[in-house]
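These entries record what I looked up in one protein structure. I worked from the overall fold towards single residues.

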Amino acid sequence: TLHYVVLIGDVGAGKSTLVEKLSGVGGRSSDGDTSVTTSSETFAIPGKLMVSDTPGSNAMSDKFQHNVWIAQALNFKPVSLILNIVKADTRIDNVVEKVRNYAEGFMDLPENLFAVCVTHMDTVKWTRSTFLEHLENELGMNEVVFADVNSTGDTLANDILGICKQPHNITVDSENFLRMFKINDNNMKILRSTRKEVATFELI
């Protein structure tokens with residue numbers, strides 16, 4: 001059975017580019033600030049992984065629906081890894097803070113199921129070891145995959161495989177959905193919509 005990996009992260013972080021490299025399927029990524037991926041889609045990397053490409057969680061529009069798609073990807077089948085894709089930034093603390101924003105929402109999941117992939121490493125001067133030190137000190141995390149313009153699909157797939165865990169069944173329901181995606185709005189319309197959407201998860 002192939003390990004199932006769910007990619008999560010901001011718009012433009014490099015999720016779809018990573019999927020292109022892993023799967024060899026082109027035409028998914030964009031250099032813009034608008035999310036090209038508007039639903040979750042799963043790709044098989046033969047003999048290695050199944051990877052779910054999901055929409056940007058911080059999309060300017062349709063943010064709620066994007067997060068519903070992410071929840072559906074998590075519920076789809078037992079998960080071996082939730083890989084938070086973050087884009088390298090000149091300031092290393094900005095990258096750590098992006099990871100923190102996602103990690104806090106997934107704290108209740110099985111330990112070590114959450115890991116990080118830093119993309120665009122060719123655009124920064126700080127080193128991998130420096131980032132690992134900061135991540136360990138700030139968040140107690142030490143499992144990271146690094147990607148740059150020259151990374152090959154095989155190398156990335158093997159790096160991801162190396163940090164996959166035993167598959168876990170993750171159940172996203174209306175209660176933990178709000179917590180995972182930091183939806184604090186008490187607007188009843190949002191709450192009712194959440195319950196309605198989450199009720200369809202197991203039907204997808």
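**Entry 1: conventions.** I took helices (H or I, at least four residues) and strands (E, at least two) as DSSP runs, numbered from the N terminus. The model is predicted, so I noted that local features need pLDDT of at least 70 and that side-chain atom pairs count only at pLDDT 80 or more, while totals for chains, interfaces and linings use all residues. Residues are numbered from 1 along each chain as its sequence is written, and side-chain values use heavy atoms, with hydrogens and water left out.

**Entry 2: the overall fold.** I found seven helices and six strands in the protein chain. Along the sequence they follow the pattern β-α-β-β-α-β-α-β-α-β-α-α-α. For burial I used relative accessible area: under 20% is buried, over 50% is exposed, and partly exposed lies in between (1.4 Å probe, protein chains only). Of the 204 residues in the protein chain, 46% are buried. I counted a contact where heavy atoms lie within 4.5 Å. Among contacts between residues at least 6 apart in sequence, 70% join residues at least 24 apart.

**Entry 3: helix α1.** I looked up which residues of α1 (residues 15–23) are buried, and found Lys15, Ser16, Leu18, Val19, Glu20 and Leu22. These buried residues pack against the strands β1 (3–9), β2 (41–45), β3 (49–53), β4 (81–87) and β5 (114–119), and against helix α5 (153–161). Gly24 follows α1 and has a positive phi, near 80°.

**Entry 4: α1 against α5.** Two packed helices are described by the angle between their axes and the distance between the axes. The axes here are lines fitted to C-alpha atoms, for helices over the stretch in contact, with angles from 0 to 180 degrees between N-to-C directions. The axes of α1 and α5 come within 7 Å and cross at roughly 105°. I therefore recorded α1 as roughly perpendicular to α5. The classes of angle are roughly parallel (under 35 degrees), roughly antiparallel (over 145), roughly perpendicular (65 to 115) and oblique (the rest). Leu18, Lys21 and Leu22 of α1 make the contact with Gly153, Leu156, Ala157 and Ile160 of α5. By class, this contact has five nonpolar, one polar and one charged residues. In that scheme Ala, Val, Leu, Ile, Met, Phe, Trp, Tyr, Cys and Pro count as nonpolar, Asp, Glu, Lys and Arg as charged, and the others, Gly among them, as polar.

**Entry 5: α3 against α4.** The axes of α3 (residues 92–103) and α4 (residues 128–139) come within 10 Å and cross at roughly 45°. The two helices are therefore oblique to each other. Ile92, Val95, Val96, Val99 and Arg100 in α3 meet Thr130, Phe131, His134, Leu135, Glu138 and Leu139 in α4. I noted seven nonpolar, two polar and two charged residues in this contact.

**Entry 6: aromatic rings.** Rings of Phe, Tyr and Trp (its six-membered ring) pair if their centres lie within 6.5 Å; planes under 30 degrees apart count as stacked, over 60 as edge-to-face and the rest as tilted. By this rule I counted four aromatic pairs. One of them joins Trp126 and Phe131, which are stacked at 5.7 Å centre to centre with 25° between the planes. Trp126 is buried at 13% relative accessibility, and Phe131 is buried at 0%. Ring pairs link Trp126, Phe131 and Phe146 into a cluster.

**Entry 7: Val144.** Val144 is in strand β6 (residues 144–146), and at 16% relative accessibility Val144 is buried. Leaving out residues up to four places away in sequence, Val144 touches Val116, Val118, Phe131, Leu132 and Leu135. I also noted Phe114, 30 residues from Val144 along the chain, with 9.9 Å between their C-alpha atoms.

Entry 8: Tyr102 is found in helix α3 and is buried, with a relative accessible area of 11%. Its C-alpha atom is 8.1 Å from that of Met180, although Tyr102 and Met180 are 78 residues apart along the chain. Asn176 is in helix α6 (residues 174–180) and is buried, at 14%. Asn176 and Ala71 lie 105 residues apart in sequence and 10.0 Å apart in space, C-alpha to C-alpha.

**Entry 9: a positive phi.** Most residues other than glycine have a negative phi. His120 is not a glycine, yet its phi is positive, about 60°. His120 lies in the loop between β5 and α4 and is partly exposed, at 29% relative accessibility.
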